[in-house]
Protein chains: 2
Amino acid sequence: MITEYTTQQSDQKFIKGFSKLSKKQKIELISKYFKNPAYAIEILKRYHHEDADTQKLFDEFSENTLSNFYFPFGVAPNFVINHKNYVIPMVIEESSVVAAASSSAKFWSDRGGFRSMVLSTTKIGQVHFSWKGHREKLEKVMPRLKEELIAGSDHITINMNRRGGGIREIELVDMTSYMENYYQLKVNFETVDSMGANFINSCLEEFASILKTFIANHELFNDDEKDISIIMAILSNYTPDCLVRAEVECDITEFDGIDAAMDGHEFAWKFDRAVRIAQIDPHRATTHNKGIFNGIDSVALATGNDFRAIEASGHTYASRNGKYSSLTEVSINGNTFNYSLEVPLAVGTIGGLTSLHPLAKLSLELLGNPDAKELMTIMASVGLANNFGALKSLVTKGIQHGHMKMHLLNILNHFGATEEEKKEAVHYFADKKVSFARVAEYVANKRK
Amino acid sequence: MITEYTTQQSDQKFIKGFSKLSKKQKIELISKYFKNPAYAIEILKRYHHEDADTQKLFDEFSENTLSNFYFPFGVAPNFVINHKNYVIPMVIEESSVVAAASSSAKFWSDRGGFRSMVLSTTKIGQVHFSWKGHREKLEKVMPRLKEELIAGSDHITINMNRRGGGIREIELVDMTSYMENYYQLKVNFETVDSMGANFINSCLEEFASILKTFIANHELFNDDEKDISIIMAILSNYTPDCLVRAEVECDITEFDGIDAAMDGHEFAWKFDRAVRIAQIDPHRATTHNKGIFNGIDSVALATGNDFRAIEASGHTYASRNGKYSSLTEVSINGNTFNYSLEVPLAVGTIGGLTSLHPLAKLSLELLGNPDAKELMTIMASVGLANNFGALKSLVTKGIQHGHMKMHLLNILNHFGATEEEKKEAVHYFADKKVSFARVAEYVANKRK
């Protein structure tokens with residue numbers, strides 16, 4: 001089998017039919033791209049699961065899979081959300097995220113925990129089309145068209161309807177003031193416990209096909225008007241109406257002792273300033289919200305949800321008022337401190353990878369097999385916890401204090417430190433600033 | 001050791017000192033949260049690496065780690081970027097992402113490949129502070145303060161300076177029109193081949209401490225003015241000046257044959273419309289950009305980079321003109337079709353997990369051990385490739401055609417299909433629409 005070829009144009013090697021090769025063949029072919037092919041093969045194989053069936057499962061999640069990329073699967077205990085106790089599964093490569101979530105969870109579990117409520121659960125999809133004609137005619141046929149769209153997508157919606165979801169609303173949107181001849185069918189969906197991407201896209205593609213036939217056959221339209229061009233039919237990952245709120249609340253004096261250098265009132269004042277800064281300055285808002293998604297994405301990864309969809313929606317939501325801004329808000333009334341997050345979260349607890357990935361399934365079990373709404377409240381609470389933890393560090397000791405300590409072990413591993421050396425180093429750096437240069441120097445001195 | 005306790009408040013079990021427990025103890029304790037503790041323990045242990053030292057490495061990446069969460073490590077071959085051939089490592093759970101990247105790469109490798117250039121590499125950090133006094137006085141002492149900031153952070157910057165990076169600019173920003181007494185030191189950094197978060201944060205925290213001392217001791221300030229309050233010192237994940245551009249270009253006739261139902265001109269027209277829609281409508285823009293980050297994040301995960309930072313920066317950038325919009329742009333001049341992406345990417349090829357995670361290290365080797373700038377060009381090109389692939393599907397056959405086919409194997413796995421059954425099913429569904437219900441029905445019939 002010829003799998004590599006060159007072209008006249010570029011004189012470069014291309015690989016032909018790669019996806020059709022066996023995994024073994026793929027690994028062998030790719031190994032040639034390394035200085036030491038045998039070593040590359042060894043590394044790729046080292047992370048294969050010993051059980052062939054188990055490995056096959058992971059191989060089939062994607063295409064051209066050569067190995068498994070390990071991420072640490074950890075837990076943050078002691079979360080109280082709506083008076084219920086959770087141990088939160090988190091998958092994340094950043095060393096301080098689980099620690100920060102755990103520490104915030106502990107703090108708030110002693111102060112009533114997190115309160116969280118789902119505000120709405122609607123998702124949106126659009127059929128974008130180009131059409132030359134009189135808008136009034138389209139509007140006139142809409143009631144009949146809607147009926148046909150709903151009837152014609154019956155075979156797709158039957159299961160979802162049974163589960164209490166389905167198509168909620170179909171609207172014609174005139175976008176011709178933005179671009180000539182541009183219209184949308186804007187559709188609201190309820191997808192209950194599934195994220196619903198496949199369901200929504202299948203409905204919309206069916207709608208596009210029905211729309212085209214409907215217009216072509218309707219007597220109201222003249223020949224020119226019968227020519228409709230479907231640009232695309234696709235769900236929107238922006239889900240401002242699939243929204244959840246999480247909050248914590250306590251008396252300001254409860255912050256006394258949170259830091260040796262300040263009392264509760266000073267802490268609350270600084271915290272409030274820090275949040276207001278994130279509302280004012282997009283440079284700060286980006287980092288502020290990034291800390292929220294550290295938590296949310298960790299749970300998304302652990303439960304087999306699509307973090308790119310979550311990120312895209314959340315950040316667009318953060319920019320909805322024309323200036324990218326904080327997703328959280330402080331309010332201080334008298335001595336009561338309230339901190340809240342509002343974030344769109346389109347997630348699922350069935351479908352997709354949620355039950356196919358063994359550890360995603362385990363994660364959901366650990367959470368008590370929540371429905372999608374409960375998972376929204378959990379994720380929002382974890383996001384708020386991580387953000388609270390980050391701000392707490394920032395307005396007191398600074399972020400590096402905790403962060404670098406967590407990173408110390410990683411740096412020590414870089415130098416191949418033994419268990420004994422690690423223990424000594426952790427002790428040594430307990431009251432010192434950690435930097436790569438300082439740890440390097442420390443290790444070098446120790447090993448002299 | 002007492003590790004669980006209840007509180008009067010909530011009557012709920014809390015776990016005390018969890019992080020101090022051994023991994024074995026943690027797993028045993030957590031297993032009690034499952035209906036079948038023995039099964040939970042078995043699943044968590046099933047994904048441990050057999051080599052204890054290797055496992056320890058992954059355990060120490062984060063806190064409270066119980067197991068490894070596997071993500072498929074795959075590759076997309078045949079990328080030509082700036083006339084260089086790459087096999088791209090991608091880590092992603094979404095089945096169609098690697099396939100879409102590979103298919104776009106193949107298409108463009110025959111048409112000159114991707115061109116990509118780094119436009120800028122500056123990162124920003126801020127010391128946010130509250131200060132009551134005359135701004136003119138602050139401005140007056142800035143030259144001297146800058147000198148002290150730079151001299152005083154010498155021990156942090158020495159290595160970075162040696163590598164060609166360091167502090168580039170320090171600016172006083174008056175933010176009092178947004179919030180009373182609010183000022184910033186806004187600092188530009190060059191961090192060369194490291195993402196630089198720890199470096200920047202360490203510098204900024206040192207700056208905060210120097211600033212405080214400087215103001216308190218400077219004769220120009222009266223007693224009231226000596227009272228400065230540092231709110232926080234932290235890098236910004238928003239990096240509009242760490243920017244990369246990627247583009248592809250071809251003659252429109254090159255699109256002839258890309259789809260059986262349309263010629264190259266119709267394809268280009270539809271594609272152009274689709275991109276303009278993403279520029280007009282935030283609902284579409286979110287999904288459009290999400291497809292870009294499918295590609296970028298896959299490479300970020302594979303190379304040990306922080307995808308939350310990348311997402312946050314990219315989406316804020318997409319909203320910079322007051323309305324969330326597309327990151328890509330089409331231009332058609334005569335018969336020449338040009339498609340480009342501009343995206344901020346603050347990434348590293350040294351530091352962090354890049355060399356600590358064995359597969360991140362392998363990924364970078366597969367890419368030829370690029371520096372950070374080259375990695376920016378690679379990621380941007382992969383992002384553009386994934387976006388092109390998504391739009392190509394959307395404006396031709398629709399996204400579900402390819403997507404559901406990829407998903408078919410996952411659904412079959414859900415029903416525990418054998419290899420034989422899978423082969424038959426793939427054949428059967430080759431010309432049919434795939435839906436969960438239809439596959440369920442198919443499997444049920446087959447097994448009657």
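Trainee: How many residue pairs are in polar contact across the interface of chain B and chain A?

Mentor: A polar contact is a pair of N or O atoms within 3.5 Å; within protein, one must be able to donate a hydrogen and the other to accept it, and residues adjacent in sequence count only if both atoms are side-chain atoms. Across this interface there are 42 such residue pairs, both residues at pLDDT 80 or more. The model is predicted: local features need pLDDT of at least 70, side-chain atom pairs count only at pLDDT 80 or more, and totals for chains, interfaces and linings use all residues. Residues are numbered from 1 along each chain as its sequence is written, chains are lettered from A and ligands numbered from 1 in the order in which they are written, and side-chain values use heavy atoms, with hydrogens and water left out.

Trainee: Which strand of chain B gives the largest share of the side that touches chain A?

Mentor: Strands are DSSP runs of at least two residues, numbered from the N terminus. Strand E3 (residues 65-81) of chain B supplies that share, with 14 residues.

Trainee: In which sense do E3(B) and strand E3 of chain A pair?

Mentor: Two strands pair if DSSP finds at least two bridges between them. Here the sense is antiparallel, over 9 bridges; A:Phe73, for instance, has B:Ser67 as its bridge partner.

Trainee: How many salt bridges does the rule find across the interface?

Mentor: A salt bridge places a side-chain nitrogen of Lys or Arg within 4 Å of a carboxyl oxygen of Asp or Glu. The rule finds 12 between chain B and chain A. One of them joins A:Glu419 to B:Lys56, whose closest N and O atoms are 3.9 Å apart.

Definitions and conventions: Helix = DSSP H or I, 4+ residues; strand = E, 2+ residues; numbered from the N terminus.
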